[in-house]
Amino acid sequence: MFERFTKDARAVVEGAVGYSERAGAEAVDEEHMLLALLDREGSRGSFALASLGAAGQRDSVERALAETRRRGGLSRAETEALSGLGIDVLEIVSRVEEAHGVGALEAGRRDGAGRRSGRRPFTQGAKEALTQSLRLALARQERHIGDEHLLMALTVRPGVLAEVLADHGVTYETVTRVLYGDGEAKAG
């Protein structure tokens with residue numbers, strides 16, 4: 001699959017690995033891919049993000065992702081559903097952090113600098129996003145996978161990243177409208 005990646009898509013993957021290493025994460029996840037996408041300039045993905053106003057909202061995106069990590073990776077919808085059952089997630093987070101320190105619920109993080117050598121693995125979610133990017137490119141009958149396909153893949157996969165992106169005006173529909181014009185059907 002990686003032989004189909006454009007240089008921009010490869011740069012996103014390499015950037016995601018870098019983010020993972022700097023965070024001391026055990027594996028590369030979808031959040032690392034999003035942060036690497038936000039770093040890009042002069043690519044189709046960066047054009048879409050800039051056109052939708054998300055490129056200038058990096059701090060807001062990072063804050064939203066940090067808050068989600070603090071909640072143990074629960075999306076806002078999951079937090080609201082639990083609240084409907086009488087479970088106050090923020091209260092639980094506060095109590096856990098009182099006992100174990102801030103960020104105790106963050107998954108996949110280590111105190112050390114991460115792996116020293118060898119390839120850094122990708123989480124199942126990151127692998128699925130990469131596979132989804134291939135599906136999206138093939139659905140559009142495109143021969144190569146660009147960073148725009150990675151961005152679109154992050155928007156169609158349910159979960160925290162799609163929620164954060166949507167909160168910043170970036171959805172599958174808005175990205176395809178910017179890149180391809182109106183009337184595009186959702187590929188999946």
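A polar contact is a pair of N or O atoms within 3.5 Å; within protein, one must be able to donate a hydrogen and the other to accept it, and residues adjacent in sequence count only if both atoms are side-chain atoms. The model is predicted, so local features need pLDDT of at least 70 and side-chain atom pairs count only at pLDDT 80 or more, while totals for chains, interfaces and linings use all residues. Residues are numbered from 1 along each chain as its sequence is written, and side-chain values use heavy atoms, with hydrogens and water left out.

The mean pLDDT (the predictor's confidence in each residue, from 0 to 100) of the protein is 84, and 82% of residues reach 70 or more. Helices are DSSP runs (H or I, at least four residues), numbered from the N terminus. Confidence is highest in helix H8 (residues 147–156), at a mean of 97, and lowest in helix H6 (residues 89–100), at 69. Over residues 108–117 pLDDT stays under 50; for this stretch the model has 21 contacts (heavy atoms within 4.5 Å) beyond four places in sequence. Residues 184–188 also have pLDDT below 50, with 12 contacts beyond near neighbours in sequence.

Ser-133 lies in helix H7 (residues 124–139). The Ser-133 side chain reaches the backbone oxygen of Leu-130 at 2.5 Å. With neighbours within four places in sequence left aside, Ser-133 is in contact with Phe-5, Ile-145, His-149, Leu-150 and Ala-153.

Definitions and conventions:
Helix = DSSP H or I, 4+ residues; strand = E, 2+ residues; numbered from the N terminus.
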